[in-house]
Amino acid sequence: MKTIKKARSFAWMTIVVCALLFWALPSSSWALGLESDDLEKLESSGLTLEETNVEFESETLKDAGRISVKQKLVGDGIEYNLYPTFDDRDAAISYVANNAPKRLSLISSSSFLLPLLEQNWRAYYDKMRALYDDVNCPDWYMEADDEENLLQCAFSILENDALNEGIISSLNSAVASASDEADVALDASDAEDILLSLPDQEMLSESLEEDESAAETVSGETSDNGETKVSSSVQSVSEKAASKLSKLNKAKAIAYAKKYADEPNRGKYGYCEGRDCANFASQILEAGGIKQTSKWWHKNSNGKQTQSDDWVTANGFAKYFGVGYKTHSPSAFSSHLKAGDLIGTSFVSDGKWNHIGFVTAVGSKKNGSYDYQVAQHSKNYVAWTSSKINSWENQGGKDRWIGRIGR
C-alpha cells in the first residue's frame, strides 16, 4: 500500500486537503456520514495521513482473521478512517475456501477457475454475481444462505485494499501537481470525487472496536424492540438528498422498473453482467424524468455503452443521491418505505454500499414487518420480500446496514 514518506509531502497533503474541504464540503460532506456541527471544524482544519490500528468487528467474518483500519486522515478535531482490510489476506481467503464449498464449487466448475486464491478471488467475485443471471443457475443458488453471506462479506473486505490505494493515489497526485502554496487550486468536481471516495464514517464507526459509544450518538436512538429511530442528523441528510429526486415521476419510474426487471433494456443501456443493479436503478430514474448530470451520466454511441461511476456502481450511486435513512433493523426499514423509493444494502458495514434496489409497491404488515416489492438487477427480478427469490427482508442485522436512498 502506498504511503506518504516525506515530511514535505505531509505538509502539501495538509494544504491540498484543506483546499478539498473548502471546495467540496457544501455539497458532499453529509454523504460521508458527518454531523452538521463538524463542518466548521473541517473548513479550518488541515489533515494529514497517519497510521492507525483499529480492529473492525464482523460477526460473519470473526473466524476469518483480524480485520482493521490501518490508515486515517487526521485534522483538528476530526478524523476520516480509510476502509478496513484483512491483516492476513491469504489466511482469510483460505478460510473462505473452506467454509463456502458448495457455492465455490459451482462457480469454479461453471467458469473453469482454479481453487480460490489471492490471484483469482476477483474472478470468483465477478462470476459469483454473474451466475445470478445464468438461465442454467440452480434454484438453490438464487436463495440467500450462510455461504452467500460469507462470500459477499469477505469479497467486500478484500476489495478495500484497492480502494484505499486509490484514495491515497488521488491525494498524492494532487500533492505532486502543486508546485508551491500559491498554486494549490483544485476543480470543485475533482475535490468532491476524492471526498466521496472515502468510507461513510457513520456506517463504519459502529463496527470499530474503540468507537462503539460514539456510534450510538451518531446513528440515532435504539428503541426497546431494536428498531433504529431516525436521528436529527439523518433527517438533515434526508432533506439534502431529496432535492436531486424531487421531480421524479414515480408512476413512470415504477412502470419502467416492472417492465425491464426480468428482461433488461440492453439495446439502450447495455448490461453489466453480475453487477447491473446501479445501472438499472439509474435507468429507472431517467425513465422517471431525472436529468443526467456531469457526475451521473450514460452514453450510447452506436451501441458502445459508457457510464460514470455514479451511474453504474452501487457505492457511487448511493453517495451521489444520498442515503437519507439507514438502520440495522429490517422491520424498522420496512416501515419507512414507499413505492418509488430507492434502497441499498452494505454487506459488511465497512463504509460502502454494495447493492441497490427499487421499491415498486408496499403491502400489508405481517409478523412485525411490511411486505414490499422490489425491482432489481443481479439478481434480476421484480418480487415481494415474502417470496423466496427476494432476500431484502434478510438484509440488516449486526453486520449489515440497509438504507433508503434519495429521501
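Predicted model: local features only at pLDDT ≥ 70, side-chain atom pairs only at ≥ 80, totals over all residues.
**Entry 1**

In soluble globular proteins, nonpolar side chains tend to be buried together. The largest core here has 37 residues, and L61, F86, I107, L116, Y141 and F155 have the most contacts inside it. I then looked up which elements supply this core: β2 (67-75), α3 (89-99), α4 (101-111), α5, α6 (139-142) and α7 (146-158) each give at least two residues. The largest share, seven residues, comes from α7. A further core of 34 residues lies apart from this one, and I noted Y260, C272, I284 and W353 among its members.

Which residues does Y141 touch, once its neighbours within four places in sequence are left aside? I listed R103, L106, I107, M128, L131 and Y132 as its contacts.

**Entry 1: α4 against α5**

Two packed helices are described by the angle between their axes and the distance between the axes. For α4 and α5, I noted that the axes come within 10 Å and cross at roughly 95°. An angle of 65 to 115 degrees counts as roughly perpendicular, so I put α4 and α5 down as roughly perpendicular to each other. On the α4 side, the residues in this contact are L104, I107, S108 and S111. They meet Y124, K127 and M128 in α5. I sorted the residues of this contact into four nonpolar, two polar and one charged.

I also looked up D126, which lies in helix α5 (residues 121-130). Is D126 buried or partly exposed? Its relative accessibility is 31%, so I recorded D126 as partly exposed. The C-alpha atom of D126 is separated by 8.0 Å from that of R275, although the two residues are 149 apart along the chain.

**Entry 2: the sheet**

Next I followed the strands. Six of them form an open sheet, in the order β7-β12-β8-β9-β10-β11, with antiparallel pairing. β7 (323-327) and β11 stand at the edges with a single partner strand each, so one side of each has no neighbour in the sheet. Neighbouring strands are turned by 30° against each other on average, direction ignored.

Helix α17 (residues 314-321) lies across β7, β8, β9 and β12 (401-405), and runs at about 70° to β9.

How many residues of strand β10 (residues 369-376) are buried? I found six of the eight, so β10 is largely enclosed by the rest of the structure.

On one side, β10 is joined to strand β9 (residues 355-366) by six bridges, and the two run antiparallel. K365 stands opposite Y370 in β10, and K366 has S369 as its bridge partner. The hairpin of β9 and β10 has two residues between the strands, and N367 takes a positive phi near 55° there.

β10 also pairs with strand β11 (residues 381-384), in the antiparallel sense and over four bridges. Here I noted Q376 opposite Y381 in β11. The hairpin of β10 and β11 has four residues between the strands. In that hairpin, S378 takes a positive phi near 60°.

Conventions:
Residues numbered from 1 in each chain as written. Heavy atoms only, no water. Buried < 20%, exposed > 50% of the residue type's maximum accessible area, 1.4 Å probe, protein only. Core = buried A, V, L, I, M, F, W, Y, C linked by side-chain atoms within 4.5 Å. Contact = heavy atoms within 4.5 Å. Pairing = 2+ DSSP bridges. Axes fitted to C-alpha atoms, helices over the stretch in contact; angles between N-to-C directions. Parallel < 35°, antiparallel > 145°, perpendicular 65-115°, else oblique. Nonpolar A, V, L, I, M, F, W, Y, C, P; charged D, E, K, R; others polar.
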